[in-house]
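Trainee: Before we discuss this protein, may I see its sequence and coordinates?
Mentor: They are shown here.

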Amino acid sequence: MSTAGDSSAAKPRKSFILNAFVEMCSGHQSPGLWRHPEDESHLFNDIDHWIELAKLLESAKFHGIFIADVLGGYDVYKGPRNLDPAIISGAQWPVNEPLAVIPAMAAATQNIGFGVTVTTTYEQPFHLARRLSTIDHLTKGRVGWNVVTGYLDSAARNLGHAQQPQHDDRYAVAEEYIKVAYKLWESSWRSDAVVLDKERGIYTDPSRIREINHAGKYFDVPGPHICQPSRQRTPVILQAGTSKAGKTFAAQHAEAIFVGGHSPSVVAKNVAEIRQLAQTEFGRDPQSIKFLALLCPVIGNTEEEAQEKFKYYRSLGSIDGALALFGGWTGIDLDKYGDDEELRHVESNAIRSAVEGWSKATPEVAKWTKSTVGQHITVGGLGATPVGTPAQVADYMERWVQEADVDGFNLAYAVKPGSFKDIINLLLPELRRRGLFHDDYAVNKGTYRENLYGKAGQSGPPSDHPASRYRWNAGVEAKDHTIPN
């Protein structure tokens, strides 16, 4: 890996936000690497595995643990509805429910946040609002919600649908869904509703609780919310869509946005568009939205060591597992193409576009076939995979911040916890030497939001975020606070 040049030539604007990117499965973004002799990702059923990971990452001052999730298997490759490649390779299969493990990790830590993926397409907002409020209470305000609308038809079938609703329809549902959640979290209870008056025997003042009486196109939710206000009330809102509908949703609601691509140029346009939309259409401070790029660094003390490590990882990766993931992510079955067929010339615009992006990021690949695509995905998935020394990887990360205007990274692993230990022991000292990563949490025992923004007292969304308009503050009479639509 070549360096990005003299990093002192253009001073970075910001200290990085770093999350660990995981899923309650083996391998996650690197299918087949559970075969590595030091990989422990297959222990995902063991609660101690997650507790130790949280403690390790908090000791290094990671901002958060970002937990992906799916509700179905990857069954497009060699399909239709063929789960065998995913099942055999362990490509995000089996996979557990992520919310369940967060309280255990929170009990063993004090500062690290937990971003959890939950879809708006297959669950009622009243139920999810309750579950997230509960987790926010139990973590003392350290939960974030990665709002997704789903992308697997297998999940839709498992939850009573013949197929997924249309893309823009899913976002229309999500738009109403999140506003129902805001009403429940922020408008249903006054901040001082729970009085615990032992002398009068009043636990909660009923004049400080009200129904939200939401009647919309997709949901009818009278309320009130069944949980008292938690420390954040609204969890940190995370999002990952970069379609037109996804950008509009993110520009209005997201506090942090997860972006993927193999080079800064691939994502820079999306970042700029969302920041502009947030400002012009929704009156938000565009720099308050934090963009996090997917990165899976492979680090060695020397470039040769890193390359050898990467080569070994590639040798263990499952091509079938990688192509199963690609099929689920894109809806494209690459099995229909010949082993040596160059994908630059196939009829699919989506494939040609993806290959073009990879070609620019990795020009050393002479011919893109389904095998080279699979190889590319085996370590780090669809994100960038810099390979090199700590200084080289730090240069690479600086280039992302300078060229794509991202604020930090969701760091995937090749081997767990080994990849995170390499980041902690090799990369973080270099980042700190350059002033690119904090030495400690901005707010000790703070909320996820306080440490994301680096601002004490920022327990709720910023004043220009739509959720802030819903908050029913202490001392305000119900007649003086109208619930926004």
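Mentor: Buried means under 20% relative accessible area, exposed over 50%, and partly exposed in between, with a 1.4 Å probe and protein chains only. Helices (H or I, at least four residues) and strands (E, at least two) are DSSP runs numbered from the N terminus. This is a predicted model, in which local features need pLDDT of at least 70 and side-chain atom pairs count only at pLDDT 80 or more, while totals for chains, interfaces and linings use all residues. Residues are numbered from 1 along each chain as its sequence is written, and side-chain values use heavy atoms, with hydrogens and water left out.

Trainee: How many of the 21 residues of helix 6 are buried?
Mentor: Helix 6 covers residues 167-187 and lies across strand 3, strand 4 and strand 9. The helix is mostly covered, and its buried residues number 16.

Trainee: How far apart are the end C-alpha atoms of helix 6?
Mentor: The expected span of a helix is 1.5 Å times one less than its number of residues. For the 21 residues of helix 6 that rule gives 30 Å, and the model agrees, because the end C-alpha atoms are apart by 30 Å.

Trainee: In which order do the strands of the closed barrel run?
Mentor: Two strands pair if DSSP finds at least two bridges between them. The barrel has eight strands with parallel pairing, and their order is 1-2-3-4-9-10-11-14.

Trainee: Which residue of strand 14 is the bridge partner of Asn-19?
Mentor: Strand 1 (residues 17-23) and strand 14 (residues 408-411) pair in the parallel sense over four bridges. On the other pairing, strand 11 (residues 290-295) also joins strand 14 over four bridges, and there Leu-294 has Asn-410 as its partner. The partner of Asn-19 is likewise Asn-410.

Trainee: Which residues of strand 14 point the other way from Gly-408 and Asn-410?
Mentor: In a regular strand the side chains alternate between the two faces of the sheet. In strand 14, where all four residues are buried, Gly-408 and Asn-410 point one way, and the other way point Phe-409 and Leu-411.

Trainee: Is Gln-252 buried or exposed?
Mentor: Gln-252 lies in helix 7 (residues 244-253), and its contacts beyond four places in sequence include Glu-175, Lys-179 and Arg-284. Its relative accessible area is 12%, so Gln-252 is buried.

Trainee: Where is Leu-196, and is this residue buried or exposed?
Mentor: Phi of Leu-196 is near 50 degrees, a positive value in a residue other than glycine. Leu-196 lies in strand 5 (residues 194-197). With a relative accessible area of 53%, Leu-196 is exposed.

Trainee: What is the omega of the peptide bond from Trp-93 to Pro-94?
Mentor: Pro-94 is placed in the loop between helix 2 (84-89) and helix 3 (102-107). The bond is cis, with omega near -5 degrees.

Definitions and conventions:
Contact means heavy atoms within 4.5 Å. Axes are lines fitted to C-alpha atoms, for helices over the stretch in contact, and angles run from 0 to 180 degrees between N-to-C directions.
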